[in-house]
Number of protein chains: 2
Amino acid sequence: MAVTYRDIKADILGKITRGEWKPGSLIPGELELAETYGSARATVNRAMRELAEDGIIERKRKSGSRVRLSPLRQARFDIPIVRREIEERGAAYRYALVESEVVRAPDWVRARMGLSPGETVRHLVCLHFADGTPYQHEDRWINLAVLPQARDADFRSEGPNEWLVAHIPFSEAEISISATVADATLAAHLACAAGDPLLQIERSTRWHGRAVTYVRLVHHRGHRMTARY
Amino acid sequence: MAVTYRDIKADILGKITRGEWKPGSLIPGELELAETYGSARATVNRAMRELAEDGIIERKRKSGSRVRLSPLRQARFDIPIVRREIEERGAAYRYALVESEVVRAPDWVRARMGLSPGETVRHLVCLHFADGTPYQHEDRWINLAVLPQARDADFRSEGPNEWLVAHIPFSEAEISISATVADATLAAHLACAAGDPLLQIERSTRWHGRAVTYVRLVHHRGHRMTARY
DNA sequence: CCCGGTCTTTTGTCCGGACTTGAAGGCCGT
DNA sequence: ACGGCCTTCAAGTCCGGACAAAAGACCGGG
């Protein structure tokens with residue numbers, strides 16, 4: 001059988017983890033590797049390219065490839081739709097709309113979304129339950145200038161997240177994770193004590209450069225996001 | 001000039017974001033696309049493969065490629081070494097060792113790291129400062145069965161993170177993010193009030209299947225991790 | 001009707017060759 | 001010493017062709 005690019009990738013990775021090729025050292029050129037593995041240069045290239053994407057090595061034209069000094073540690077977190085996240089844990093999902101209004105955007109929302117003064121937004125507060133216990137509190141603002149259909153949409157049975165992905169196929173987003181503290185209303189909604197530390201995710205989404213929605217997701221007490229790499 | 005795989009990728013992505021190819025719909029086969037773009041199938045393949053990696057489309061042999069129903073939202077967070085993180089913000093980095101001991105692993109550490117009873121670990125408590133203000137509190141446990149050199153290493157001037165990457169080139173890790181609350185000692189170290197919510201990262205690292213280190217990083221009040229996608 | 005085997009389609013991978021691009025290093029004139 | 005130009009080299013990309021592998025589709029036997 002021929003050598004696959006996976007074989008080559010695994011072999012090179014092995015040499016690195018076993019310490020044969022130390023951090024900072026130069027790796028043989030693609031041509032040389034292709035010869036030693038008895039494969040085409042394109043195959044070696046694919047292996048090396050993936051190693052570079054994985055943050056294991058660093059590549060530069062002319063200078064060649066070298067093992068990274070400090071392995072670039074990067075973790076990939078999936079940010080699934082809540083319903084999916086809950087169902088994948090084998091729990092029953094339930095959704096509830098707590099509050100809904102159409103208002104002029106308050107200043108702090110305007111600032112975050114980059115709206116002009118006086119623009120109106122649809123403001124929603126929702127709760128997501130897993131097996132009956134509160135899982136996530138959602139505080140969402142939708143820009144009606146971009147999505148006027150959101151003014152009359154009925155969010156009582158369908159969550160805004162689901163509605164949005166059906167109306168905006170794809171978008172850019174900025175997401176940020178922080179810790180916050182439960183105030184009285186959050187505590188009531190999430191069935192925890194006021195003062196409890198809670199994990200909070202904020203996401204602002206834009207479509208063709210225009211702010212579509214800003215959402216603040218506060219998770220139940222003890223929630224953790226996990227990733228492997 | 002020839003069409004590059006980037007051109008093709010951008011063009012297809014455009015068709016999707018503009019709604020020409022709706023979520024769930026089938027995308028033309030590679031052969032057909034190669035013809036319309038006037039390029040080789042390998043080039044189209046590269047473009048499609050990357051779109052699949054980015055979570056935009058889904059590919060299956062025989063059935064073809066289709067636009068994802070709900071675009072897989074995944075965010076990549078860089079987990080840099082603290083020193084680098086601080087210096088990249090343009091702040092001055094300072095490190096301090098607070099506590100250091102060699103002990104038998106307490107039960108909760110044993111459980112997390114999967115150690116046998118009676119195994120010894122090096123336990124370190126460190127602080128990382130940015131421009132003089134506390135930035136991160138580090139509570140680290142190193143398995144001396146795997147890294148006996150850690151018993152006598154001097155962590156007074158060099159942080160354990162730096163020491164570790166120099167001694168274990170690469171490793172697998174599980175990382176998990178959660179919110180915690182400042183107790184008295186954390187509050188004192190991080191210059192915040194007891195009861196403040198703090199962002200906490202836990203990471204366990206293994207090398208060739210054996211637990212190397214477990215670390216709990218608690219960030220200063222108000223810290224946030226941000227990513228774009 | 002169900003079950004397994006075979007066909008066919010589509011993506012996945014590889015090859016060997018070619019040209020392009022970016023950056024390092026040297027050369028030269030000031 | 002100091003620019004700016006030119007060479008050179010390694011990675012980056014592309015081509016056209018080929019075979020491999022997965023997974024629907026189809027079909028015949030029980």
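This is a predicted model: local features need pLDDT of at least 70, side-chain atom pairs count only at pLDDT 80 or more; totals for chains, interfaces and linings use all residues.
I'll begin with chain A by itself. Chain A is split into two parts, domain 1 covering 5-67 and domain 2 covering 82-219. The centres of these two domains of chain A, taken over C-alpha atoms, are 44 Å apart.

Now the interface. Chain A contributes 51 residues to the contact, and chain B contributes 50. Between them the two chains bury about 4900 Å², and carbon and sulfur atoms account for 52% of that area.

On to the polar side of things. There are four salt bridges across the interface of chain B and chain A. One of the four joins Arg224(B) to Glu202(A), with 2.9 Å between the closest N and O atoms. The interface also has 14 residue pairs in polar contact, both residues at pLDDT 80 or more.

Which elements of chain B give two or more residues to the side that touches chain A? They are helices H1 (5-17) and H3 (41-53), together with strands S4 (74-78), S8 (172-181), S9 (197-207) and S11 (224-228). S8(B) gives the most, 10 residues. By residue class, the side of chain B that touches chain A has 24 nonpolar, 14 charged and 12 polar residues.

Last, the strand pairing between the chains. Strand S4 of chain A, residues 74-78, runs antiparallel to S4(B), and five bridges join the two. As an example, Asp78(A) has Gln74(B) as its bridge partner in S4(B).

That is what I have for today.

Definitions and conventions
Residues are numbered from 1 along each chain as its sequence is written. Chains are lettered from A and ligands numbered from 1 in the order in which they are written. Side-chain values use heavy atoms; hydrogens and water are left out. Domain bounds come from an automatic or database domain assignment. Contact means heavy atoms within 4.5 Å. Buried area is the accessible area (1.4 Å probe) that two parts lose on being put together, summed over both. A salt bridge is a side-chain nitrogen of Lys or Arg within 4 Å of a carboxyl oxygen of Asp or Glu. A polar contact is a pair of N or O atoms within 3.5 Å; within protein, one must be able to donate a hydrogen and the other to accept it, and residues adjacent in sequence count only if both atoms are side-chain atoms. Helices (H or I, at least four residues) and strands (E, at least two) are DSSP runs, numbered from the N terminus. Ala, Val, Leu, Ile, Met, Phe, Trp, Tyr, Cys and Pro count as nonpolar, Asp, Glu, Lys and Arg as charged, and the others, Gly among them, as polar. Two strands pair if DSSP finds at least two bridges between them.
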